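Dear colleague,

Please find below the structure I am handing over to you, followed by an account of what was found in it.

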Amino acid sequence: AGAVSFNLYNPQGKLIRPYDVGMLLDQQGVAVRTGHHCAEPLIDYLGIPGTVRASVALYTEEEDILAFVKALEKAAMMLG
């Protein structure tokens, strides 16, 4: 299993709020976590409000990953 935390930025280089990304992904049926992820000192040091975290596990299938990528592209287009 694995997880990756990330943020999206608009074309002008401004951070897109992770909570907005998470909400749009949720509305498309994709579950992610947003926030500090038990790393608040690091998040504060980086000067960001949090991150989006996506996880995979043994039961994650290729179609799940493709749905995540498609939903993320749509969210980025809507928020960027």
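In what follows, Ala, Val, Leu, Ile, Met, Phe, Trp, Tyr, Cys and Pro count as nonpolar, Asp, Glu, Lys and Arg as charged, and the others, Gly among them, as polar. By that scheme, the lining of the largest pocket consists of eleven nonpolar, three polar and three charged residues.

The model is predicted, and local features need pLDDT of at least 70, side-chain atom pairs count only at pLDDT 80 or more, and totals for chains, interfaces and linings use all residues. Residues are numbered from 1 along each chain as its sequence is written, and side-chain values use heavy atoms, with hydrogens and water left out.

The pocket

The largest pocket has a volume of about 380 Å³. Among the 17 residues lining this pocket, Ala31, Ser55, Val56, Thr60 and Phe68 are the closest to its centre. Strand S5 and helix H3 (62–79) are the elements that give two or more residues to the lining. A pocket here is found on a 1 Å grid over the protein atoms alone, as an open set of points where a 1.4 Å probe fits, with protein on both sides within 12 Å along at least five of seven lines; lining residues have an atom within 4 Å of a point. Grid points are joined across faces, edges and corners, and the volume is the space filled by probe spheres set on the points.

The strands

Helices (H or I, at least four residues) and strands (E, at least two) are DSSP runs, numbered from the N terminus. Two strands pair if DSSP finds at least two bridges between them. Strand S5 (residues 51–56) runs antiparallel to S1 (residues 2–6), and five bridges join them. S5 is also joined to S4 (residues 33–35), again antiparallel, by three bridges. Arg53 of S5 stands opposite Ser5, and Arg33 likewise stands opposite Arg53.

Thr51 lies in strand S5. Thr51 counts as buried because its relative accessibility is 9%, where buried means under 20% relative accessible area, exposed over 50%, and partly exposed in between (1.4 Å probe, protein chains only). Leaving aside neighbours within four places in sequence, Thr51 is in contact with residues including Ser5, Asn7, Pro18, Arg33, His37 and Ile43; contact means heavy atoms within 4.5 Å. Thr51 and Ser5 are 46 residues apart in sequence, yet their C-alpha atoms are 5.9 Å apart in space.

The side chains of Thr51 and His37 are joined by a polar contact of 3.0 Å. A polar contact is a pair of N or O atoms within 3.5 Å; within protein, one must be able to donate a hydrogen and the other to accept it, and residues adjacent in sequence count only if both atoms are side-chain atoms.

The loops

His37 is placed in the loop between S4 and helix H2 (40–46). Its phi is near 55 degrees, a positive value in a residue other than glycine. Not counting residues up to four places away in sequence, His37 touches Ser5, Thr51, Val52 and Arg53. Cys38 is found in the loop between S4 and H2, and phi of Cys38 is near 60 degrees, a positive value in a residue other than glycine. Cys38 counts as exposed, at 88% relative accessibility.

Asn7 belongs to the loop between S1 and strand S2 (8–9), and at 18% relative accessibility Asn7 counts as buried. A polar atom of the Asn7 side chain lies 3.1 Å from the backbone oxygen of Gly50. Beyond four places in sequence, Asn7 touches Leu15, Pro18, Ile48, Gly50, Thr51 and Val52.

Val30 lies in the loop between helix H1 (18–27) and S4. Val30 is buried, with a relative accessible area of 11%. Leu25, Ala67, Phe68 and Ala71 are touched by Val30, not counting residues up to four places away in sequence. Val30 and Val69 are 39 residues apart in sequence and 9.7 Å apart in space, C-alpha to C-alpha.

With kind regards
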